[in-house]
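The sequence and structure come first.

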Amino acid sequence: MNAETDLFVQAFWVKCRDIIRPELDEAVGALRHAGHDANISTLEFSPDEKTVPESGPTLMLTIHASGTSDTRLLRYRGDVQAKEIEVMASDCKTSRYDLSAVTQAGVKNDIALCFGSMLKTK
């Protein structure tokens, strides 16, 4: 891995640790309290797979809605080639940002847009 890629991957994980993950952890607690199954997972970046379109460091929140077969996903993926973060959610438009544009308020908004209705169902 070259130095530029290494720095981007490190910056992605710092952003995840400091801003994204705490908000996802809070969402998991609220979703579980509402009766849903919610989990957070990560996927490390492998320089050997950098040409694979979906490769990149990834932090995902997966929800299995209580009483249904509905599964929803909120994914934060570091696009190593473009040096951006990609935010993808079930039934939502995929967004791309510079890492510096990711804020606590933005992550809260992502969660509310994607899962807000699930918190009010129980």
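Cys 114 has a relative accessibility of 7% and therefore counts as buried, where buried means under 20% relative accessible area, exposed over 50%, and partly exposed in between (1.4 Å probe, protein chains only). The model is a predicted one, in which local features need pLDDT of at least 70, side-chain atom pairs count only at pLDDT 80 or more, and totals for chains, interfaces and linings use all residues. Residues are numbered from 1 along each chain as its sequence is written, and side-chain values use heavy atoms, with hydrogens and water left out.

| Residue | Relative accessibility | Class |
|---|---|---|
| Cys 16 | 3% | buried |
| Cys 114 | 7% | buried |
| Phe 12 | 0% | buried |
| Trp 13 | 21% | partly exposed |

With a disulfide taken as a pair of cysteine sulfur atoms within 2.5 Å, the count is 0. The cysteine sulfur closest to that of Cys 16 belongs to Cys 114, and at 16 Å it is too far for a bond.

The count of aromatic pairs is 1. It is edge-to-face, because the ring centres of Phe 12 and Trp 13 lie 5.0 Å apart with their planes at 75 degrees. Rings of Phe, Tyr and Trp (its six-membered ring) pair if their centres lie within 6.5 Å; planes under 30 degrees apart count as stacked, over 60 as edge-to-face and the rest as tilted.

Arg 72 sits in strand 3, which spans residues 71–79. A polar contact of 3.1 Å joins its side chain to that of Asp 70; such a contact is a pair of N or O atoms within 3.5 Å, where within protein one must be able to donate a hydrogen and the other to accept it, and residues adjacent in sequence count only if both atoms are side-chain atoms. Leaving aside residues up to four places away in sequence, Arg 72 touches residues including Leu 61, Ile 63, Ser 90 and Phe 115, contact meaning heavy atoms within 4.5 Å.

Which pattern does the chain follow along the sequence? The order is α-β-β-β-β-β-α, from 2 helices and 5 strands. These are DSSP runs numbered from the N terminus (helices H or I, at least four residues; strands E, at least two). Of the 122 residues, 39% count as buried.
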